[in-house]
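The sequence and the model are shown first.

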Amino acid sequence: QVQLVESGGGLVQPGGSLRLSCAASGSIFSINTMGWYRQAPGKQRELVASITSGSSTNYADSVKGRFTISRDNAKNTVYLQMNSLKPEDTAVYYCKANLRLVAGGYEYVYWGQGIQVTVSS
């Protein structure tokens with residue numbers, strides 16, 4: 001059974017930094033794109049950043065220059081370094097992974113359980 005487990009969230013003051021991690025575990029053959037999404041109260045879930053298996057990255061305009069996504073393929077882990085945090089970054093952050101369980105098999109989408117990030121003084 002595949003699981004995505006996020007860590008690193010919490011409360012931080014404006015201008016501060018946090019580093020989120022998401023580790024995928026279970027019987028996984030390969031992981032294609034991994035990404036971070038967020039959902040603030042009363043808003044739709046939105047893409048924050050994504051990274052392919054070849055390390056091509058994509059960022060939401062609102063986080064460009066402040067957030068950096070990276071991954072460790074050997075550990076099936078994706079990271080999100082968040083700097084210069086703003087109150088509007090407050091949300092539940094979700095990890096997502098597109099992965100295959102067997103060679104040539106269907107690509108499934110898995111989500112983590114979500115982790116709270118609160119930016120407040």
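## Aromatic rings

At 59% relative accessibility, Y106 is classed as exposed, because the cut-off for that class is over 50%. The model described here is predicted.

A search of the whole structure gives 2 aromatic pairs. One of them joins Y37 and W111 in an edge-to-face arrangement, with 5.0 Å from centre to centre and 65 degrees between the planes. This pair links distant parts of the chain: Y37 belongs to strand β4 (residues 30-39), W111 belongs to strand β10 (residues 107-111), and 74 residues separate them. W111 is partly exposed, at a relative accessible area of 35%.

Y106 and Y108 also form an edge-to-face aromatic pair, with 4.9 Å from centre to centre and 75 degrees between the planes. Y108 has a relative accessible area of 37% and is partly exposed, whereas Y106 counts as exposed.

| Pair | Centre to centre | Angle between planes |
|---|---|---|
| Y37 and W111 | 5.0 Å | 65 degrees |
| Y106 and Y108 | 4.9 Å | 75 degrees |

## Charges over rings

Which ring has the charged end of R19 over it? The ring is that of Y79, and the charged end of R19 is 4.1 Å from its centre. R45 lies over the face of Y94, and the distance to the ring centre is 3.7 Å.

Conventions: Residues are numbered from 1 along each chain as its sequence is written. This is a predicted model: local features need pLDDT of at least 70, side-chain atom pairs count only at pLDDT 80 or more; totals for chains, interfaces and linings use all residues. Side-chain values use heavy atoms; hydrogens and water are left out. Rings of Phe, Tyr and Trp (its six-membered ring) pair if their centres lie within 6.5 Å; planes under 30 degrees apart count as stacked, over 60 as edge-to-face and the rest as tilted. Helices (H or I, at least four residues) and strands (E, at least two) are DSSP runs, numbered from the N terminus. Buried means under 20% relative accessible area, exposed over 50%, partly exposed in between (1.4 Å probe, protein chains only). A charge sits over a ring if NZ of Lys or CZ of Arg is within 6 Å of the ring centre and within 35 degrees of the ring normal.
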